[in-house]
Amino acid sequence: MVGIIALIIGIVGFAKGRIGVSKARELRGSGMYLVATLFCLPLPLSLLVGLVLGAINAGRPTPLEPSKILLAGALCTWVPILAGVVLAFVLSKPKEAPPAGFPVTPGRHPPQAAPPLPDRPPQP
């Protein structure tokens, strides 16, 4: 479950381009890509380690102890997540203030009113 939540946070980080770390700080740029990658890592890493441990178990006359398998799964899940959280707090920057007012494209002036039409005499 934790791996799926971390995967969703990582994918959202890749899609939005930023990850909110706290109320006043967010992670942007290359640090965000590193943290998002670390958040996406637990699920595939757990699958890979599970496959390797299964292959090792298949070739042994006595199976591995369940505590070792549980420890490997916990390490595959929590080490990337904790490393990502620590890096997110270290690399985060203050949030940028949103632009005030109506957004105007730089270098373009607002449209001017059309000049008034000259007075014409009424036609018969």
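Contact here means heavy atoms within 4.5 Å, and buried means under 20% relative accessible area, with exposed over 50% and partly exposed in between (1.4 Å probe, protein chains only). Helices (H or I, at least four residues) and strands (E, at least two) are DSSP runs, numbered from the N terminus.

Quick housekeeping: this is a predicted model, where local features need pLDDT of at least 70, side-chain atom pairs count only at pLDDT 80 or more, and totals for chains, interfaces and linings use all residues. Residues are numbered from 1 along each chain as its sequence is written, and side-chain values use heavy atoms, leaving out hydrogens and water.

So which residues of H1 are buried? They're Gly3, Ala6, Gly10 and Gly13. They span an arc of only 85° around the axis, so they sit on the same side of H1; that arc is taken from the directions from the helix axis to the C-beta atoms. Over on the other side, Ile8, Ala15 and Lys16 are exposed.

Now, glutamate 26, which is in strand S2 (residues 25-28). Buried or exposed? Glutamate 26 counts as buried, because its relative accessibility is 9%. Leaving aside residues up to four places away in sequence, glutamate 26 touches Arg18, Ile19, Gly20, Val21, Ser92, Lys93, Lys95 and Glu96.
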